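The exercises below are meant to be worked through with the model in view. Try each task before reading its solution.

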Amino acid sequence: MMGVVARTMPNRDVLDVLCPMHLRIDARGLIIGAGPTIQKLRPDDPLEGRAFLDVFRVSRPRGILTIDNLWKARDIKLHLSMVGAPPAQLKGVMVADAQGGAIVNLSFGISILQAVSDYALTNADFAATDLAIEMLYLVEAKSAAMEASRKLNLRLQGAKIAAEVQAFTDTLTGLGNRRALDQTLERMITSGAAFAVMHIDLDYFKTVNDTLGHAAGDHVLQVVARAMVEETRASDTVARVGGDEFTVILPDVRNIDVLERVGQRIIDRIEVPIPFNGTDCTISASIGTVWMQASSAITRELVLEHADIALYASKHKGRACQTFYSPDLRESANSGTPPSGREGRKV
Amino acid sequence: MHGLILRSIQNYMTDSYGRTAWLQAVAQAVPDHPDFEAMLSYNDTLAPAVLDAMGAVLNRPRSEVMEDIGTYLVSHPNTEAVRRLLRFGGMNFEDFLHSLDDMPDRARMAVSDLHLPAIELHEHDEGRYSLICDSPLSDFGYLMMGVLRVMADDYGALAMLDHAGHTGGRETVSIQLIERDYADGRSFNLGAWAS
């Protein structure tokens with residue numbers, strides 16, 4: 001008889017080792033034995049002698065409120081929560097024993113992360129075969145690896161932004177370059193709003209370079225770049241698109257007088273002699289300007305071509321002036337004579 | 001070689017001797033890599049070159065530098081994660097020693113392309129062990145000695161360690177566990193990381 005009992009009902013010591021979160025309940029649903037770990041969850045509150053359904057709420061399957069319901073839920077997965085604080089979400093399974101009662105084995109499932117800190121659990125609280133410790137190890141190791149990857153991603157993103165900025169910047173003047181100009185212009189055209197483009201070519205710059213050297217030329221370009229930024233609004237884009245060629249994109253331009261004034265200011269500023277090593281570098285600027293009305297269909301290439309034609313006309317008129325593009329300029333550009341010495345005359 | 005290994009070597013140098021010492025060493029070994037990224041892979045030749053340069057800068061033999069790195073890995077606050085992950089290996093120092101065989105597999109479970117040197121624990125009579133290390137990095141056994149010394153303290157065990165030499169690219173560390181519960185050791189709270 002004892003042999004039969006021992007086979008069908010493992011003794012308490014065996015269960016404590018194999019299933020430290022087990023409970024034994026009798027036919028009335030009273031807890032008559034609790035494994036050491038499940039008892040550790042409520043250290044001041046002995047589980048033995050209490051009704052199972054008073055201590056545990058079965059959340060799935062639903063509707064298990066009486067002991068008779070509970071018996072029907074044998075051998076299937078149960079989702080339970082333990083009454084009291086701190087709350088514990090548990091998974092379990094119940095099997096009938098030989099005495100008309102049952103053994104319920106419980107586990108934390110995914111709430112293990114919370115449980116180990118809530119109840120200060122240690123390796124000794126888990127069965128030797130339980131994967132809980134391995135799961136905790138993995139979560140911690142994977143999180144550390146993920147954090148390292150996240151930091152790398154942030155650094156790479158920062159480097160990417162810096163590289164992009166560099167790719168769109170003219171290193172000598174700090175202005176945007178041709179790539180920046182193309183991008184901004186494309187955006188303006190797509191938006192369909194009114195905007196203007198000024199193509200600015202320095203007059204007599206080649207003379208500075210030839211007579212005073214490249215250092216003087218570089219200095220002049222930097223001073224001129226600063227002047228253009230100062231004479232335009234923050235929302236305007238100033239780009240250096242060639243050796244001594246600049247382009248300004250001006251969004252939201254409502255009338256041509258504004259463009260007249262901005263262009264004149266830029267020319268006036270550029271004509272201020274720039275001292276370099278005791279010598280004044282005197283240059284000027286010719287400007288070709290296109291004023292695009294809102295939602296006019298046009299391509300980037302065409303806008304720049306129009307600005308170029310207008311610039312050509314300014315050069316033709318004797319430099320140091322601004323010309324606005326109009327279709328008739330195109331004809332005179334095609335038939336006209338080239339301006340004398342585009343690269344400038346000697347000072 | 002995995003960036004985690006190179007980055008650990010870098011962190012050891014900067015945390016212990018400062019950024020200048022690191023830059024000095026790395027400039028000798030790999031001028032174009034002042035910093036290693038933990039989650040990238042690098043050429044296998046870099047680690048030995050960097051370790052040699054570090055030895056030169058610090059004027060210390062490789063074996064001492066390696067043992068110091070081992071100590072650093074499991075005792076410095078910046079590398080607490082390593083100590084914690086190792087402590088998952090066992091409840092006491094003996095348990096921990098037996099878990100070392102699994103260390104490369106455990107590491108790969110976390111970071112699939114991280115290949116740690118193969119290590120193998122042999123148990124002789126009571127309390128006597130040999131740890132066989134098979135690593136492409138020479139003097140890796142010394143690094144393990146540094147790790148084991150700190151971990152013994154961590155578990156509160158008293159152990160004697162000895163580098164028992166190289167044979168055919170393998171190194172042997174002999175371990176004599178004198179007392180398992182010699183001191184209190186440091187606490188290890190399973191949930192400390194999550195909370």
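**Exercise 1.** What radius of gyration does chain A have, and what would a compact globule of 347 residues have?

Solution. This is a predicted model, in which local features need pLDDT of at least 70 and side-chain atom pairs count only at pLDDT 80 or more, while totals for chains, interfaces and linings use all residues. Residues are numbered from 1 along each chain as its sequence is written, and chains are lettered from A and ligands numbered from 1 in the order in which they are written. Taken over C-alpha atoms, with the globule rule being 2.2 Å times the number of residues to the power 0.38, the radius for a compact globule of 347 residues would be near 20 Å, whereas chain A has 42 Å. Next, look along the principal axes, where the C-alpha atoms of chain A fill a box of roughly 125 × 45 × 30 Å. Finally, 32% of the 347 residues of chain A count as buried, a term that requires 20 or more other C-beta atoms within 10 Å of a residue's own, with exposed meaning 12 or fewer and partly exposed in between, and with C-beta atoms placed from the backbone.

**Exercise 2.** Describe helix α8 of chain B, from its length to its surroundings.

Solution. Begin with the span: α8(B), residues 140–155, has 16 residues and reaches 22 Å from its first C-alpha to its last, close to the 22 Å expected, which is 1.5 Å times one less than the number of residues. Helices here are DSSP runs of H or I with at least four residues, strands are runs of E with at least two, and both are numbered from the N terminus. Then consider burial: because 13 of its 16 residues are buried, α8(B) is largely enclosed by the rest of the structure. After the helix comes B:Gly156, whose phi is positive, near 80°.

**Exercise 3.** Is B:Gly169 buried or exposed?

Solution. First place B:Gly169 in the loop between β3 (158–167) and β4 (170–179) of chain B. With 10 other C-beta atoms within 10 Å, B:Gly169 is exposed. Then turn to B:Pro136, which is 33 residues from B:Gly169 in sequence and 7.9 Å from it in space, C-alpha to C-alpha.

**Exercise 4.** How many residues does each chain bring to the contact?

Solution. Chain B gives 17 residues and chain A gives 20, where a contact means C-beta atoms, placed from the backbone, within 7 Å. On the side of chain B that touches chain A, the largest share, three residues, comes from α5(B).

Terms used
Two residues are in contact if their C-beta atoms, placed from the backbone, lie within 7 Å.
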